[in-house]
Amino acid sequence: MLRRIWDAIASWFRRLLGQDTPERRRRRASLSSATTTQSQANLPPLGDADYEFLLMQLLEGVAHGWPKERVSKFLVDLQARITEEQWTNWLHRFGERLLASPAPNNELASRMVRLGELITTPLGNTAYEIGMQLLLRETRPPVTVPKESPPPLIQPPIEEEEPLEPQPVTLDELFDLLQQDQGLVQQIAAQLQIDATDPQAIIQELINKSAAIDRTEPDTADGWFNLGVQQQTSGDAKGAIASYDRSLELDPHASAVWSNRGVALADLGRYEEAIATFERVLQIEPTSHWAWNNRGQALAELGRFEDAIASFNEGLKYIQSTTQPEGWGQLHRAKGNAYYDQGRWALYPHDYWRKAISEYELALNTLTPSASPLGHLQVLQDLIRTYLSLGQVEKAQELGRGSQLLERLIDQEEQSGILGIPVLIQSIGFHQLMVDLAVQSGQLTQALELAEKGKNACFNWFLGDWNEDLPSPTWNDLQQLLNPSNAIIYWHLSPATLTTFVITHDSQQPLVQSAVTPANGEELPIPVQRWREFDNWVKDWDQQYQEDRHLEPQPEVTTSRWRGNLIEKLNNLAVILNVADILSQIPANVKNLILIPHRDLHRLPLHALFGDRFIISYLPSAQIGLTLKRLGQISPPASDRERTTALLCVECPHREGAQALVYSQIEAAVVTQMFENATRIDDAIATKERVVTALSSGYGIFHYTGNASDRPKIPGQSALALAYPDQLTLEDISRLYLNSYQLVYLSACETGVTGKSAIRLTARGANATEFVGLVSAFLSRGVTNIVSTLWTVEAISRGLLTIEFYRLIGVGVAPAAALKQAQQWLRALTYSELAQWYQDLATQLADNAPSISEYLRTEANVLQRDTAKMSSSQPPFAHPYHWAAFTIAGI
């Protein structure tokens, strides 16, 4: 292939992939700067892992803009250990492995192409050829030139009895054909509908079209609509909107498509566009109560409560109780919700809430237990919430009769065998309000048991068959998790209030830190105020975090709003949760805390609010903790004990980005060296089948390096990224038996947070279900402890803390205590201590990982030459950004 063609294609791919990412711009010292003749003479011959490590260093420098001279100096500095011929021979073998793997390597390929453009040596030419083959292979399928008419592009002689299938050709082969046959150029240009006679232009257009189509597209309005529904169901709201738009191009009068499009826009927070879309539905179908309902709710989300109420009133002119009783009742309920929400933001809310009650009572006229049982429950939930907010507890308690209807509906669903989301899940907000009623009635033990029952209903549903035959724990059961040296902090968020239970050893009932109390005069009740403060706090946290994710990393943590405000935000959260009052209720002899959060609290570093007094671990629910305790009482057979101390390490760092690659390699090398029986699976072979088979082999520790993501709205799609395109999903994990694992360590980004509200706080309770993610899945399958991170942590912080954690595990420290000590160590670490740590680790790795050892010595030398840092007593990782993201769950 001619070089100019490759240059054009490479240029196009670089535009497609974008310029340097923030991670690429992070400074990293060159390994070669610390390489000395003496150290080279003492090191053993390089292995494949060493060559790969050095190549990644070189390509990282290329990505940072190294000129030709800097690249040449890097290679010259290594000549005493690696000749040009050795480099090139190894690179050929490395390229064969890359090309044999289906995993995409676009970033690596682009860097190899750039290296070839900088140097024209055999090494550069080899890198260039491998990079281009990867780019062309991974971004489009082979171009297929049909050999059958009409219209014939190429018509070789064929046997009539053996018709030929279309044969694929590469761009290389096609370019040669185009150069040889001008008629072929004209035919393909006509098919592509472009005016071109240059073979290079033809190739470029084929690439453009091939990259734009990654699947067979529907060709009908219904086909696009169905695709949109699939995308919306899977959580891809943007893709769904695009599909709905294509459907509407073919059939602009399909009200169902417009309606779904509006819902997808609302899911993305694009409420103005959603309102306009619902108005299109009403132009087509003015008697659609769903469209009136959705339009009003979108207006309310924008804080335009008066407009929302006016919209509901307009809809009630079209929706009559006699012709559409369900729709009529739902519109009155939605109108009541608008009044309630308006009151939540008012200084004197009572008049709004009384109007809300009037609307709910109207809704009950048609949403009866017989005609609409679930709708009836939802309105009862709204009434209970409003009466509690008004402080009218007795009236709220009178409506508790709905719990009997709820139990009846659950029984009917179980007997019918109908598949779908259980009634208990759909009406979970009602169940949560029953907790509030029990608290207000002084039935604190019953309140806690109800809260636990609601949690476990969610886990039973989302985690498949997990413990569905086990009854939810009682107060006496919960006591099994306690001893004189520990306590449980258990939070519960309902649509009305935030309640904290403090549970200590041998106590007769839980201590309740916040209960619903009657309002004084016309002021906002304290529980409602606290609920609103937390709701606002979460929204602001999410907004700032989203902004931070799009900023370039800076050397100072205070350069972004989220990082700069992190300490202040956590202090504010401690005030909202009244942590000082919680601490006053914990006996002095307690040294360990078990935190059991609820909903959005799962996403937050609650452990950072309690100071250094306690060793803290988390549990998704008390039932999971009790299950783990029972499993822990069953010792493995003697023949299996050696296996349960073995390490399984799955490494997919290429899915994280190039900046984290070096530290991921260091982390994996150090961790696996600590275990005599360690199995490593790198991303080239980390297929789902291989990883599932390995996990089922009964190891004791599973260490994962890569990219993990939780999908709170669609928990089953939460996953660990493996060799592309494979993933280990929550559903996969829920089918495994992992009782042998004492520890799972997810050394990945954002295994606990998505950057936006995961379980949205809502007065309507529509999204009031529990947070179910990867941590819950692993624990539910018998894993004793799991370490994960709540937000993206810089690779160096993550690597340091992870290695120190495993060092402590190796000397017998329990996992929760090890994490606590590792966090304290990182927080206090000075630059001079870090330099010594680098030196010590370099010595430890000198024999088994010489290239990593040299890199660590380089880092130590860089620090030691910086006199300002070496003399500073200020710890560089003291900020909670570096350490507070790490949490441990389990017992």
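**Salt bridges and buried elements, a quick chat**

Analyst: Let's start with Glu359: it has 8% relative accessibility, so Glu359 counts as buried. Keep in mind that this is a predicted model.

User: Which residue forms a salt bridge with Glu359?

Analyst: That's Lys335, and the closest N and O atoms are 3.3 Å apart. The pair links distant parts of the chain, with Lys335 in helix 17 (residues 325-344) and Glu359 in helix 18, 24 residues apart.

User: Is Lys335 buried or exposed?

Analyst: Lys335 is buried, because its relative accessible area is 9% and the cut-off for buried is under 20%.

User: What about the rest of helix 18, which residues are buried there?

Analyst: Besides Glu359, the buried ones are His350, Trp353, Ala356, Ile357, Tyr360 and Ala363. Some background on that kind of spacing: an α-helix has 3.6 residues a turn, so residues three or four places apart point the same way.

User: How far apart are the end C-alpha atoms of helix 18?

Analyst: They are 20 Å apart. That agrees with expectation, because 14 residues (350-363) at 1.5 Å a residue should span 20 Å.

User: And helix 17, how many of its residues are buried?

Analyst: Helix 17 is mostly covered, with 18 of its 20 residues buried. From its first C-alpha to its last it reaches 29 Å, close to the 28 Å expected at 1.5 Å a residue.

User: Back to charges. How many salt bridges does a search of the whole structure find?

Analyst: It finds 25. One of them joins the side chains of Glu272 and Arg304, at 3.5 Å from N to O. Glu272 lies in helix 14 (residues 271-284) and Arg304 in the loop between helix 15 (289-301) and helix 16 (305-318), so this pair ties together parts that are 32 residues apart in sequence.

User: How accessible are Glu272 and Arg304? Which class does each fall in?

Analyst: Glu272 has 49% relative accessibility and counts as partly exposed. Arg304 is partly exposed too, with a relative accessible area of 32%.

User: What does Arg735 pair with?

Analyst: The Arg735 side chain meets that of Asp732 in a salt bridge, 2.8 Å from N to O. Arg735 is exposed, at 57% relative accessible area, whereas Asp732 is buried, at 7%.

User: Which residues are linked in a network of salt bridges?

Analyst: Asp341, Arg344, Asp535 and Lys539 are linked that way.

User: New topic, strands. Why is strand 15 largely enclosed by the rest of the structure?

Analyst: Because five of the five residues of strand 15 (residues 886-890) are buried. Phe886, Ile888 and Gly890 point one way, Thr887 and Ala889 point the other way, and all are buried.

User: In which sense does strand 15 pair with strand 14, and over how many bridges?

Analyst: Strand 14 (residues 785-789) pairs with strand 15 in the antiparallel sense, over five bridges. In that pairing, Ile786 stands opposite Ala889 in strand 15.

User: Last one: where is Ser243 found, and what does Ser243 touch?

Analyst: Ser243 is found in helix 12 (residues 237-250). Not counting residues up to four places away in sequence, Ser243 touches Trp224, Leu227, Gly228 and Gln231.

User: Is Ser243 buried or exposed?

Analyst: Ser243 counts as buried, because its relative accessibility is 2%.

Technical notes:
Residues numbered from 1 in each chain as written. Predicted model: local features only at pLDDT ≥ 70, side-chain atom pairs only at ≥ 80, totals over all residues. Heavy atoms only, no water. Helix = DSSP H or I, 4+ residues; strand = E, 2+ residues; numbered from the N terminus. Buried < 20%, exposed > 50% of the residue type's maximum accessible area, 1.4 Å probe, protein only. Contact = heavy atoms within 4.5 Å. Expected span 1.5 Å × (residues − 1). Pairing = 2+ DSSP bridges. Salt bridge = Lys/Arg side-chain N within 4 Å of Asp/Glu carboxyl O.
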